[in-house]
Amino acid sequence: MAEQPLKGRVALVAGATRGAGRQIAVQLGAAGATVYATGRSSRAGRSEMDRPETIEETAELVTAAGGEGVAVRVDHLVPDQVRDLVRRIDDAHGRLDILVNDIWGGDALTTWHEPVWRQPLDAGLRLLRLAVDTHLVTSHVALPLLIRNPGGLVVEMGDGTTEYNATNYRLSIFYDLAKTAVNRLAFAQARELEPHGCAAVALTPGWLRSEAMLEHFGVTEATWRDATATEPHFVISESPAFVGRAVAALAADPDRARWNGRSTSSGELAQVYGFTDLDGSRPDAWRYVVEVQDAGRPADATGYR
């Protein structure tokens, strides 16, 4: 079996049903961790997103990868459900070493390219609740367990680095606010966790080849390059495993406290820790976005992966 630097560690990946959250859970499992995979979509019923992926599938993938996967159906907007979850983790292990706040669920609620006065208000406010309130509820309940032992790590998953989001409008006021807020949550929690010897980091993947994105382009993970015929800049895209490996590398770093309060990306962490995507490349998506896509240059990932 491959080296498992996270053997004995306990992780909670909140929002692990699909996409980045699923592969973060799987890669933490591959590194030996016990991973609690939570979400609202289970074999007992789907969430409002109405997609087929389930938390049970994620937990099975974690176990198959070499860890211990535990699926728990949780609505992270309901504090009592989160309290029950954290109590279960405490009773079983007496510790929590890694908390990944990956809850999102706002895709169907996002309206692009419309000013705030033309946005559906109820949908926008629901998006903010799913994207921000869920993270606050989870941290509020889980961090007393995490700080029990020095070395704990919180990863706030978003879209875009703090640097990028500070100067680029994210094409929808509610989406923009949600993704800016998540990065700020990491910054704020870092200050609160530091006295306890723990750290918080904001992390973004690049253009993620999630299940929904692959469906959108009518491709699979094996044929994803076919999508560049209609969206040339998709050439910089990355599999969810890439950001999963980023979280696993960060969690296994004895000096992970050096990242406390920082905003980083899967591409940057790959340069630091040396891991690759499934195809052996290291896509540096946010540098590509700034230097190629936003600069209006023709799509070409040479030198960026």
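Helices are DSSP runs of H or I with at least four residues, numbered from the N terminus. The views below show a predicted model.

**View 1. Helix H1 and the glycine that follows.** Helix H1 comprises the twelve residues 19-30 and spans 17 Å from its first C-alpha to its last, close to the expected 16 Å. Because eleven of these twelve residues are buried, H1 is largely enclosed by the rest of the structure. Among the buried residues are Gly19, Arg22, Gln23, Ile24 and Leu28. After H1 comes Gly32, which has a positive phi near 105 degrees.

View 2. Thr38 belongs to strand E2, residues 34-39. Its relative accessibility is 0%, so Thr38 counts as buried. Beyond its neighbours within four places in sequence, Thr38 contacts residues including Leu12, Ala14, Thr17, Ile55, Val72, His76 and Leu85.

**View 3. The aromatic pair of Trp259 and Tyr273.** The model contains ten aromatic pairs. In one of them, Trp259 and Tyr273 are tilted, with 6.5 Å between centres and 40 degrees between planes. Trp259 counts as buried at 2% relative accessibility, while Tyr273 is partly exposed at 24%.

**View 4. An aromatic cluster and charges over rings.** Trp207, Phe217, Trp224 and Phe234 make up one aromatic cluster. Arg209 lies over the face of Trp224, a member of this cluster, at 4.1 Å from the ring centre. The charged end of Lys179 is placed over the ring of Trp104, 3.8 Å from its centre.

Terms used
Residues are numbered from 1 along each chain as its sequence is written. This is a predicted model: local features need pLDDT of at least 70, side-chain atom pairs count only at pLDDT 80 or more; totals for chains, interfaces and linings use all residues. Side-chain values use heavy atoms; hydrogens and water are left out. Helices (H or I, at least four residues) and strands (E, at least two) are DSSP runs, numbered from the N terminus. The expected span of a helix is 1.5 Å times one less than its number of residues. Buried means under 20% relative accessible area, exposed over 50%, partly exposed in between (1.4 Å probe, protein chains only). Contact means heavy atoms within 4.5 Å. Rings of Phe, Tyr and Trp (its six-membered ring) pair if their centres lie within 6.5 Å; planes under 30 degrees apart count as stacked, over 60 as edge-to-face and the rest as tilted. A charge sits over a ring if NZ of Lys or CZ of Arg is within 6 Å of the ring centre and within 35 degrees of the ring normal.
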